[in-house]
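Hi,

Here is the structure I promised to pass on. Have a look at it first, and my notes follow below.

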Amino acid sequence: MTSLAEVPQLVVNGVMAGTILAVPAIGLTAIYAVLRFPNFALASHATIGAFAGYVANVRLGLPILPSIVLAFLVAGAVGVASDELVLKRFRPAGYITTAIASIALTIALENLVRFTFGNELRGYDLPIVRDLHLGTIRVGPQQLQNLLIAAIAMVALFAFLAFTRTGKAMRAVADNPMLASIKGINADVIGRIVNFVGMGLAGFGGMLIGLDTTIDPLTGFRSILSVFAAAVVGGLGSIPGAVLGALTVGIGEELCLLFLSPDYRSAIGFVAILLVLTLRPRGILGQAAY
Amino acid sequence: MSEENAKSRRRFLQASAGLAVAAMTPAIVRAQGTPLQLGVLTPLTGAGGFDGPRMAKAMQAVIDEVNAAGGLLGRKVVLVVEDDQTNPEAAVRGARKLIDVTKVPAIMGTWASAVTSAVAPLCWESRTFLTTVSGADSITKLPHQGYLIRTQPNNHLQAGKHAEFIASLGIRRCYMLSIQAPFSQPTQDRATEVLKQLNSQMVGTLIYDKDKTTYRSEVDQALRTNPDLIYLNGYAPDVTILLRDLYRAGYSGLRFAQSYAVTSKVLESLPPEVTEGVITVQPSADVSSPAYELAKKRLSLPEPDSYETQATDWASLVSLAIAHAKVATGEGIHDHVRRISQGNGTKVYSATEGIKLLAQGKEINYEGASGPCDFTDIGDIVDCKFRYNKVVGGKFQLLKVA
């Protein structure tokens, strides 16, 4: 069992895990805010982003940063296409039907990746660097870099939502779709933009996860429950909430090692969901439930 | 033409056709009467679809040799092959057909543990002998009354052998990181026990959750015990992450893993400095055995693997047990299989060699291509060889087979 002296290290590990989790969690929560259904197809879009980044990095020999941008663009484009072709038709049938359709969609897309790339594990062309020791705390330079990339992406997204016309329109639709349409905001266009940004972030997050691990067709699926937990804990529909939720889940999973065996780590995310939904049903920063 | 005439002409034609067929049949088959049918139930499709067909081929090669030497009990041996599809339900249908319709005395070849668990009750209830490669400890603990043997080392044997190897490297402090799986706890317990007997020590064990993106805290927990060797008992996706995290943490001791967790694909996906020196282990054929040399020639393969050699041994063991029992029944094989596979008889390395000696009234001890083929009361093998590889420059190098 881990001793109390390890708490700072555990918190650092948790922040790093949580930040990476936050990127796709923002995507999930943004899509939920505008389209009002939990889009589980996020899992396969994370995988698609990871593979798009792999093709750019390993096959085309691009450095990591442009590869990650490509991961965002490809996953975003696939997100728009899959929503237009598949999920949009389900939306009039209600959010539960659409959510279930998104599970079917994610399995189909995941198998498409499997069909194209096979089941093997793949890694990015990236040397693995030894950790830095800052006093008693151990930090990985790559993980610091991932943290930085994730933080920049989040700041960019906040700026987009706060200062651009489209961003404001997105918030307007999320806040009150009826009022937004009266003001002349085209909900369809906003739906496409939010899908592009949301799924793009999923692909971005998928590649960040892959940079730290390896990728295979199950990369997104393995993380989706933690991502979902983060979004729900933070309050579905709230973007700062998704970040806070991801950090809560990330740090919580690490701190639980103080008194639990590591094989219970995943349970922590779900205990957090239960606790939050019992004590504060809308999530930490959630809006009032519709 | 009257109807009576037509009938008698038809009868004449039938009789002549029968005679013609009989005349065309080779003398050796006529002399042997009805063939002796043995059941093969391997996965020809599904997850085991890579191993199943090769196992069936290896069994056929042994049976061809037995037939060329005059067959068994004066009869030609025929293998009746059913596909278990790596699926318990399909396997049960296949087994029912072999048991109820073909009435075979033995079924050889089940691969997946779930398939073997489903088929085994049909076998022991009908007194049909079953041979398998399934590795789960639970298989031989079924109430099979001796109607089952397996040539694959179970978890208990594997963990013990791994611990012996680790101790032989001079390791004093071993740590085991295991994935949450049914085999984890038994493997930890057995390895801990054997290390202790060999003046080594398991300084800690930890069972981790699968599907995590990082295991930094788990690695920290392991490194706090200052291990000389870390046994990574998981699957490829998580062991890959552990190898990365161990490298990042600056761990410089040895790392040990099952070959299915560190595959050639894993080596490709990681930079060579991360995997340098990793030792992998897998059950191996007994490459130094004369039976292995014979299997190589029989199968025209440079290196028959563990599954092909185990299949070779099943066909040989069943043939020899029938020859010893002088009757082709499940009970006969059940009563005689240990009398030809272990004990003080003359060592033989092939079915034909053994059948010849048995015909002279001698006792034999079959030593197989997969290992010595000595079985415990519950049907587990007593000993087997393991292949140890070491990763050097991103490639596997054979360390030893022992």
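Two residues count as in contact if their C-beta atoms, placed from the backbone, lie within 7 Å. With that in hand: among contacts in chain A between residues at least 6 apart in sequence, 74% join residues at least 24 apart. Do keep in mind that this is a predicted model.

Staying with chain A, there are 11 helices and 2 strands, and from the N terminus on they run α-α-α-α-β-β-α-α-α-α-α-α-α. The C-alpha trace spans about 60 × 50 × 35 Å along its principal axes. A compact globule of 290 residues would have a radius of gyration near 19 Å, and chain A has 19 Å, so the two agree. Of the 290 residues in chain A, 52% are buried.

Now the inside. The largest nonpolar core has 87 residues, and A:Ala22, A:Ala25, A:Val34, A:Leu42, A:Ala71 and A:Ala230 have the most contacts inside it. Helix α1 of chain A (residues 7–35) supplies the largest share of this core, 17 residues. There is also a second, separate core of 66 residues, which includes B:Trp111, B:Leu130, B:Tyr147 and B:Leu317. Back in chain A, leaving out residues up to four places away in sequence, A:Val34 touches A:Met170, A:Val173, A:Ala174, A:Ile190, A:Gly191 and A:Val194.

Last, where the chains meet: the contact takes 31 residues from chain A and 29 from chain B. On the chain B side, β7 (201–208), α8 (216–223), α9 (236–248) and α10 (264–269) each give two or more residues, with α9(B) giving the most, 7 residues. That side divides into 12 nonpolar, 8 polar and 9 charged residues.

Cheers

Notes
Residues numbered from 1 in each chain as written. Chains lettered and ligands numbered in written order. Predicted model: local features only at pLDDT ≥ 70, side-chain atom pairs only at ≥ 80, totals over all residues. Core = buried A, V, L, I, M, F, W, Y, C linked by C-beta atoms within 7 Å. Buried ≥ 20, exposed ≤ 12 C-beta atoms within 10 Å, placed from the backbone. Helix = DSSP H or I, 4+ residues; strand = E, 2+ residues; numbered from the N terminus. Nonpolar A, V, L, I, M, F, W, Y, C, P; charged D, E, K, R; others polar. Rg over C-alpha atoms; globule rule 2.2 N^0.38 Å.
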